[in-house]
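The sequence and structure come first, and the description follows.

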Amino acid sequence: MRSFGTLSLLFTAALSAFTYAAPASPDASVVLDKVTGVVGDSKPDVLSSALTGRDDTPQSIAVIITTVQAQIQPLTEKLTFINSDDATIDSITPIVAEIKTCLLTATESLKLLNGADISVILAPVEGTVALTVAAVGQLVGGLLCTLFAAIGCLLKVVVGDVRAAVLVLLVDLCGVVAGLLQVVLGLVGGLLAMVLTILTPTVLAVIKLLGSVELLTCLGIQL
C-alpha cells in the first residue's frame with residue numbers, strides 16, 4: 001500500500017481540480033417505470049416468489065440493489081454534508097462500517113442468484129415484466145454514484161492524520177464494493193458496459209483517486 005503522506009498530497013491536488021455538486025443518483029423507481037424492453041417471458045408466480053421469498057426463490061438483482069440503495073442513502077448523506085469540524089475518525093468510522101455491512105449483506109443475497117433462471121435474476125421490483133440489462137445497469141451504476149459522490153465530498157474536508165486514517169477505511173470499502181460488483185456482473189452478460197455509462201466524470205475521478213486495484217480491475221479502469 002502506498003505511503004499515505006504521498007497519497008494525501010495526490011488527493012488534495014486532484015480534488016482541487018474539480019468542483020463537486022453531488023449528483024442525484026438514478027431513482028430506482030423512476031428507472032423501473034421507464035423500462036420498456038422485455039427479456040424473455042416471465043411467469044407471474046415466479047416473479048412473485050422472487051419478491052416474497054416463497055419457495056426459497058432468491059430476490060432479484062433489482063430488489064437487492066434498490067434495497068441496499070435505500071439503506072445507504074441516509075449514510076451517504078451524512079458523509080456528503082459532514083463539515084471539517086465534525087470530520088473526525090470517530091465520527092466517520094461507524095458510518096463507513098455501516099455502509100460496508102449493508103453492501104456485504106447485499107453481496108450475499110446476490111450470490112444466491114447463481115444458477116437461478118434469468119426470469120428470477122431480472123425480475124422487477126413490481127410487476128411481471130423482466131428488466132432489460134440496461135435498466136439493471138442503471139440501478140447498479142446509480143448505487144456506485146450515490147456512494148462515491150459522497151466519498152468525494154468527504155475527501156474535500158478531511159485533512160492530516162484524519163485523512164490518512166480515512167483512506168484506510170475507504171480503500172477497504174472499495175474492496176467490498178468490488179466484491180459486490182464481481183458477483184452481480186457475473187450474473188448478467190454485458191452489464192459492465194451499461195454500468196460504466198452511468199458513472200459520472202466526478203465519480204470516476206474519485207474511484208481513480210482511491211486507487212483500489214480490486215475495484216479498478218473490476219470496472220476495467222486504468223490509471
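## Surface and burial

The protein exposes about 10,300 Å², and carbon and sulfur atoms supply 57% of that area; accessible areas come from the Shrake-Rupley method with a 1.4 Å probe. The model is predicted, with pLDDT of at least 70 needed for local features and 80 or more for side-chain atom pairs, while totals for chains, interfaces and linings use all residues. Residues are numbered from 1 along each chain as its sequence is written, and side-chain values use heavy atoms, leaving out hydrogens and water.

Of the 223 residues, 48% count as buried (under 20% relative accessible area).

## Helices and contacts

The protein has 11 helices and zero strands; helices are DSSP runs of H or I with at least four residues, strands are runs of E with at least two, and both are numbered from the N terminus.

Among contacts (heavy atoms within 4.5 Å) between residues at least 6 apart in sequence, 83% join residues at least 24 apart.

## Helices α7 and α10

The axes of α7 (residues 133-155) and α10 (residues 201-210) come within 9 Å and cross at roughly 65°; axes are lines fitted to C-alpha atoms over the stretch in contact, and angles run from 0 to 180 degrees between N-to-C directions. The two helices are therefore roughly perpendicular (65 to 115 degrees).

Residues of α7 in this contact include Leu144, Phe148 and Leu155, and those of α10 include Val203 and Leu210. The contact residues divide into 10 nonpolar, one polar and no charged; Ala, Val, Leu, Ile, Met, Phe, Trp, Tyr, Cys and Pro count as nonpolar, Asp, Glu, Lys and Arg as charged, and the others, Gly among them, as polar.

Methods: Buried means under 20% relative accessible area, exposed over 50%, partly exposed in between (1.4 Å probe, protein chains only). Angles under 35 degrees count as roughly parallel, over 145 as roughly antiparallel, 65 to 115 as roughly perpendicular and the rest as oblique.
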